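The sequence and the model are shown first, and the description follows.

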Amino acid sequence: MRDFAQDHRWLSINTATIRKSSGADLPLPAIIEACVRKGIRAISPWRDQVAAAGLANVSRLVRDHGLALSGYCRGGMFPATDAAGLKAARDDNRRAVDEAAELNAACLVLVVGGLPGALQGKAAHKDIALARSQVRDGIAELLDHAKQARMPLAIEPLHPMYAADRACINTMEQALDVCEELDPRKSGENSERPQAALGVAVDVYHVWWDPKLQQQIARAGKERLLAFHVCDWMTPTTDLLNDRGMMGDGVIDIPRIRGWVEAQGFAGYSEVEIFSTGNWWKKPHEEVLDTCIARHKSAV
Ligand code: ZN
């Protein structure tokens, strides 16, 4: 397992973590400058932030600073109630792949979606099996485009509390079942292309509780472990989405999980992804970044 105690060369900042500074919106160019000033070598930006700053502008900034992208957030949200909705999701996901390729991201993260309409407050139906089959079909279709663009797709299983509104893929096992069905790989195939076209993003917030976690990380192997996201689970958690903790402040044994991931050969960035309306988004972003760096060394 890599020693993170000495420096933060393997720290990546998911830009949601400092999308607000002292409660005010922080635009992506300012986020990038702040990360560079702290010697952070990688980020994972969100599409809305990139769109607001302009893709060409962000692409130039990333290149000029020699920044890596540990991922690009995000594609997915495949389920819909009609053909027009499914087509809109397909078109939007293709654009997300193209943007990720332009930014030279390590992968496009997929938050696959749940029951159509649930995120807006009213689910159109209760058929989660239908949603899951639309997710499968959506990923299958996107995979062709992603392979042409040489952009790996990383399915991020979300905690089951998000099954209705954000993602009906809720465990590593479920995600890997989809990977193996849509992107089967034979042993010995991996020498030229170390990463699969379809894999997983392991976010400790979503999967730490899973009794099969170690086993499923081993099943994924290096080829399908495309991203590693960290934050912490607070007790109590006061908001389902926006009360994620700083590493070390909660109950997740992050070093243990990183050990499992690295035992498979994962050697990428450890990406800090914290949504925190009540705490970290209220603080100055410099302080948040300093804390991320310190906790990367002591609690990851
Ligand atoms: Zn994540």
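## The zinc site

The 4 donor atoms around the zinc ion subtend angles of 86 to 150 degrees, which makes the arrangement irregular. The structure is a predicted model. A tetrahedral assignment would need all angles to lie between 85 and 135 degrees, and the range around this zinc ion extends to 150 degrees. For reference, ideal angles at a metal are 109.5 degrees for four tetrahedral donors.

Which residues coordinate the zinc ion? They are Glu156 through OE, Asp203 through OD, His229 through ND1 and Glu273 through OE, at 2.0 to 2.2 Å. Along the chain, the donors follow the spacing E-x46-D-x25-H-x43-E. Aspartate 203 belongs to strand 9 (residues 198–203) and histidine 229 to strand 10 (residues 225–230), so the pair ties together parts that are 26 residues apart in sequence. Both aspartate 203 and histidine 229 are buried.

## A residue of strand 8

Isoleucine 155 is part of strand 8. Is isoleucine 155 buried or exposed? With a relative accessible area of 0%, isoleucine 155 is buried. When neighbours within four places in sequence are left aside, the contacts of isoleucine 155 include Leu110, Val112, Ile139, Ile169, Ala175, Val178 and Cys179, as well as Leu198, Gly199, Val200 and Ala201.

Distances from isoleucine 155 can be given to two other residues. Its C-alpha atom is separated by 8.6 Å from that of glycine 76, which is 79 residues apart from it along the chain. For glycine 54, 101 residues apart from isoleucine 155 along the chain, the C-alpha separation is 26 Å. Glycine 54 is placed in the loop between helix 2 (47–53) and helix 3 (55–64), and at 24% relative accessibility it counts as partly exposed.

## Packing of two helices

Helix 6 (residues 172–182) packs with helix 8 (residues 213–224) at an angle of about 35 degrees, and their axes are 9 Å apart. The crossing of helix 6 past helix 8 is left-handed. On the side of helix 6, the contact is made by Met172, Glu173, Leu176, Asp177, Cys179 and Glu180. Helix 8 contributes Leu213, Gln216, Ile217, Arg219, Ala220 and Arg224. Sorted by class, this contact has 6 nonpolar, 1 polar and 5 charged residues.

## Two further buried residues

Arginine 258 is found in helix 9. At 4% relative accessibility, this arginine counts as buried. Beyond its neighbours within four places in sequence, arginine 258 is in contact with Met1, Arg2, Phe4, Phe228 and Val300. Arginine 258 and valine 230 lie 28 residues apart in sequence, and their C-alpha atoms are 9.4 Å apart in space.

Tyrosine 269 lies in the loop between helix 9 and strand 11 (270–272). It counts as buried at 15% relative accessibility, because the limit for a buried residue is under 20%. The C-alpha atoms of tyrosine 269 and leucine 11 are separated by 5.7 Å, although these residues are 258 residues apart along the chain. Not counting residues up to four places away in sequence, tyrosine 269 touches Arg9, Trp10, Leu11, Ser12, Arg41, Ala42, Ala68, Ser70 and Phe228.

## Backbone features

Most residues other than glycine have a negative phi, and most peptide bonds are trans. The table lists the backbone features of this model that depart from that pattern.

| Residues | Feature | Value |
|---|---|---|
| Cysteine 73 and arginine 74 | cis peptide bond | omega about -10 degrees |
| Threonine 235 and proline 236 | cis peptide bond | omega about -5 degrees |
| Methionine 77 | positive phi | near 50 degrees |
| Arginine 150 | positive phi | near 55 degrees |

Arginine 74 is found in strand 6 (residues 72–76), while proline 236 has its place in the loop between strand 10 and helix 9 (254–263). Methionine 77 is found in the loop between strand 6 and helix 4 (83–102), and is partly exposed, with a relative accessible area of 25%. Arginine 150 is located in the loop between helix 5 (128–148) and strand 8 (153–155). With a relative accessible area of 71%, arginine 150 is exposed.

Technical notes: Residues are numbered from 1 along each chain as its sequence is written. This is a predicted model: local features need pLDDT of at least 70, side-chain atom pairs count only at pLDDT 80 or more; totals for chains, interfaces and linings use all residues. Side-chain values use heavy atoms; hydrogens and water are left out. Axes are lines fitted to C-alpha atoms, for helices over the stretch in contact, and angles run from 0 to 180 degrees between N-to-C directions. Helices (H or I, at least four residues) and strands (E, at least two) are DSSP runs, numbered from the N terminus. A crossing is left-handed if the near helix is turned anticlockwise from the far one by less than a right angle, and right-handed if clockwise. Contact means heavy atoms within 4.5 Å. Ala, Val, Leu, Ile, Met, Phe, Trp, Tyr, Cys and Pro count as nonpolar, Asp, Glu, Lys and Arg as charged, and the others, Gly among them, as polar. Donors are N, O and S atoms within 2.8 Å of the metal (3.2 Å for Na, K and Ca); water is not among the atoms, so sites may look incomplete. Four donors count as tetrahedral if all angles lie between 85 and 135 degrees; four count as square planar and six as octahedral if opposite donors are over 155 degrees apart and all others between 65 and 115; anything else is irregular. Buried means under 20% relative accessible area, exposed over 50%, partly exposed in between (1.4 Å probe, protein chains only).
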